[in-house]
Amino acid sequence: FDVENNTVTGAGPTALIAQNGIEVINAIAGGTISGNTVSGNVYTPQTVTSTGILIYNTGTGITVSNNILDQNDVGIYMQGVGTGNVVSGNTIGQNTPSTFNGISLEDGSATLTNDTIYGSGSGDAAVGVYSENGDANNSAVTISGGIFTNSSFGVQVEDDYTSDTKHAEAVIDGATIHSTAASSDGVQVNGGIAMIQNSDLS
């Protein structure tokens, strides 16, 4: 599949439906989502999450690059995506930050390169990496470059079920993580694993 150079505008904040701007579910391996502008996907009851780009239960090797995402509950949400995925050059929340995370990943892995994320919800992260009970794979990101500003957590690595063999991990290299949010952390690790090098967390 290839989803390229589209403008996708949701209804904006609404209690009627939890919308997703671009949704890829049960797809074969490979595919590209690139050059799209996606906005206005916010579910106000906050019982479930609307997303700008949702990738769920797919094959490996998906590329999400050079998209502009504004006013979404989560900019890019990846779950059950296997390995070899690339998220690169995306701009998230420049005009209206995400309600929750800029990028969320669970049950799979991805390389994040030079993404720019302008804030997230209170208590949320620019990039969140999560491992939950029942996941089939480790949840892992390698972050190379990128600028993450004004989030409670620049990167959050959380393993909610440490009794199994799967875990959450992040390797962060050359990222710039700045925040003026109260009680913010550049990187928060809760049960997971993180390695940080060559990065600015001031």
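**Briefing: Asp159 and its chain**

Asp159 sits in strand 16, which covers residues 153-159; strands here are DSSP runs of E with at least two residues, helices are runs of H or I with at least four, and both are numbered from the N terminus. The model is predicted, so local features need pLDDT of at least 70 and side-chain atom pairs pLDDT 80 or more, while totals for chains, interfaces and linings use all residues. Residues are numbered from 1 along each chain as its sequence is written, and side-chain values use heavy atoms, leaving out hydrogens and water.

**Around Asp159**
- Asp159 is buried but has no salt bridge (buried: under 20% relative accessible area with a 1.4 Å probe, protein chains only; salt bridge: a side-chain nitrogen of Lys or Arg within 4 Å of a carboxyl oxygen of Asp or Glu).
- Lys166 is the nearest side chain of opposite charge to Asp159, at 11 Å; Lys and Arg count as positive, Asp and Glu as negative, and His and the chain ends are not counted.
- A polar atom of the Asp159 side chain lies 3.0 Å from the backbone nitrogen of Tyr161.
- Beyond neighbours within four places in sequence, the contacts of Asp159 include Ser131, His167 and Asn190 (contact: heavy atoms within 4.5 Å).

**The whole chain**
- The chain has 0 helices and 20 strands.
- Its C-alpha trace spans about 40 × 35 × 30 Å along the principal axes.
- Of the 202 residues, 49% count as buried.
- Of the contacts between residues at least 6 apart in sequence, 73% join residues at least 24 apart.

Key
Buried means under 20% relative accessible area, exposed over 50%, partly exposed in between (1.4 Å probe, protein chains only). A polar contact is a pair of N or O atoms within 3.5 Å; within protein, one must be able to donate a hydrogen and the other to accept it, and residues adjacent in sequence count only if both atoms are side-chain atoms.
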